[in-house]
Amino acid sequence: MLPSPISFVLLPEFTSIALFSVVEALRVANRYVPQKYEWTLTSLSGKTVRDCNGIEVCVEQSFPEIQDRPGTVMVVGGNSPDRFATPELFSKLRWLSSQGCLLGGVDTAQQLLALGGLLDGYRVTLHWENASAFRERFRRSQLTLNLFEFDRNRVTCAGGTAGIDMVLHAVEAEHGRDIAIRVSEHFMHERIRLGSERQRLKATDRWDVHHVKLIKSIELMEAEIEEPLSTTELAEAVSLSSRQLSRLFKEHLQMSPGQFYLELRLDRAHQMLLHSEMSVNSIAFACGFQSQSHFSRVYREKFGFSPRQTRRREAKRQFPIMHAQS
């Protein structure tokens with residue numbers, strides 16, 4: 001499932017918890033498995049890499065210097081992984097795949113792999129914040145919102161603590177459930193989560209609501225962002241009248257169905273502005289707004305600045321030196 005040796009390619013500003021959830025699970029697994037997992041940390045330059053917190057992490061070699069060998073190559077992403085896409089990198093990854101390597105992405109690195117066509121026709125998962133933009137941009141991949149996906153010679157992981165579960169799944173497949181449970185207990189991991197489990201909290205937990213029809217309405221809203229349903233359509237879908245549905249939202253969430261739906265769509269747009277290169281106009285339509293002017297107005301009312309200002313603020317946060325010099 002995760003053949004050794006495993007080469008981790010750390011992109012600048014990678015997410016530490018995504019990497020170390022996998023590495024720590026492998027380290028603990030090596031206490032119990034008969035054949036040890038081996039891994040190497042690499043970078044594109046062969047030099048130390050700063051994670052998203054600015055912490056420098058040492059690597060053992062340059063990724064381009066990796067020679068022909070079986071095993072696994074996992075790219076670990078974070079902020080704006082697309083910046084590091086080069087023909088040379090894609091050529092190296094394709095060549096390793098042709099030699100029998102399992103290729104994978106962790107957290108957001110799947111965007112980089114998809115840019116190179118390396119995930120075309122595969123089931124793919126990545127961090128939920130980036131999922132909407134990925135779905136719009138890379139339609140040749142079958143996007144899920146699972147914790148991890150193993151699909152033929154590709155493996156993808158959503159990041160966070162999902163890396164632990166991905167390794168536990170591999171350990172169980174290769175060495176049996178008893179050993180996987182030992183590793184799980186080491187982390188005080190209450191159970192081994194399936195890859196198909198959701199990344200985000202359920203609606204009941206996120207909004208502290210427990211009414212079945214209200215939960216169903218929220219789930220329908222989340223599923224239909226690009227072409228929003230009317231309050232009447234939502235009410236009919238959960239076998240209520242429009243007045244009954246409005247009363248439920250007012251009672252439990254202190255807003256109308258329309259207001260709640262708008263909040264969901266604006267939050268989705270905000271994530272897409274931060275985590276994609278899509279145009280503001282494309283994001284507006286992807287989130288159910290019929291005009292960019294209307295989108296910009298309601299977005300400013302919620303966040304206090306325009307969609308374009310959001311992009312500039314994020315760029316300034318990611319590239320402070322460049323913006324200080326300009």
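Student: Leaving aside residues up to four places away in sequence, which residues does asparagine 153 touch?

Tutor: Please keep in mind from the start that this is a predicted model. In it, asparagine 153 touches Ser97, Cys101, Leu102, Leu103 and Tyr122, when residues up to four places away in sequence are not counted.

Student: Where does asparagine 153 sit, and is it buried, partly exposed or exposed?

Tutor: Asparagine 153 belongs to the loop between β10 (148-151) and β11, and because its relative accessibility is 26%, it counts as partly exposed. Arginine 152 is found in that loop between β10 and β11 too, but its relative accessibility is 60%, so it counts as exposed.

Student: What should I look for in the backbone of arginine 152?

Tutor: Look at the phi angle, which for arginine 152 is near 55 degrees, a positive value in a residue other than glycine. Glutamine 254 also has a positive phi, of about 55 degrees, although it is not a glycine. Glutamine 254 lies in the loop between α10 (242-253) and α11, and with a relative accessibility of 58% it counts as exposed.

Student: Which peptide bond is cis, and what is its omega?

Tutor: The bond that joins serine 4 and proline 5 is a cis peptide bond, with omega at about -5 degrees. Proline 5 is in the segment before β1 (6-10).

Student: How should I read the burial of a helix, and which residues of helix α4 are buried?

Tutor: An α-helix has 3.6 residues a turn, so residues three or four places apart point the same way. In helix α4, which covers residues 128-137, the buried residues include Asn130, Ala131, Ser132, Ala133 and Phe134. Among the elements that cover the buried residues of α4 are α3 (110-115), β8 (123-124), β9 (142-143) and α11 (257-275).

Student: Why does lysine 92 count as buried?

Tutor: Lysine 92 counts as buried because its relative accessible area is 15%, which is under the 20% cut-off. This lysine 92 lies in helix α2 (residues 87-98), and it touches Phe63, Pro64, Glu65 and Ile66, again without counting residues up to four places away in sequence.

Student: How many helices and strands does the protein chain have, and how compact is the chain as a whole?

Tutor: The secondary structure of the protein chain comes to 15 helices and eleven strands. Its radius of gyration is 22 Å, close to the 20 Å that the globule rule gives for 326 residues, so the chain is as compact as a globular protein of that length. Of those 326 residues, 48% count as buried, and among contacts between residues at least 6 apart in sequence, 64% join residues at least 24 apart.

Student: Where is the confidence of the model lowest, and where is it highest?

Tutor: Where pLDDT is low, the predicted coordinates should not be read in detail. In the protein chain the mean pLDDT is 88, and 94% of the residues reach 70 or more. Confidence is lowest in helix α15 (residues 320-325), at a mean of 44, and highest in strand β11 (residues 154-157), at 96. Over residues 319-326 pLDDT stays under 50, and the model has three contacts beyond four places in sequence for them.

Key:
Residues numbered from 1 in each chain as written. Predicted model: local features only at pLDDT ≥ 70, side-chain atom pairs only at ≥ 80, totals over all residues. Heavy atoms only, no water. pLDDT = per-residue confidence, 0-100. Helix = DSSP H or I, 4+ residues; strand = E, 2+ residues; numbered from the N terminus. Contact = heavy atoms within 4.5 Å. Buried < 20%, exposed > 50% of the residue type's maximum accessible area, 1.4 Å probe, protein only. Rg over C-alpha atoms; globule rule 2.2 N^0.38 Å.
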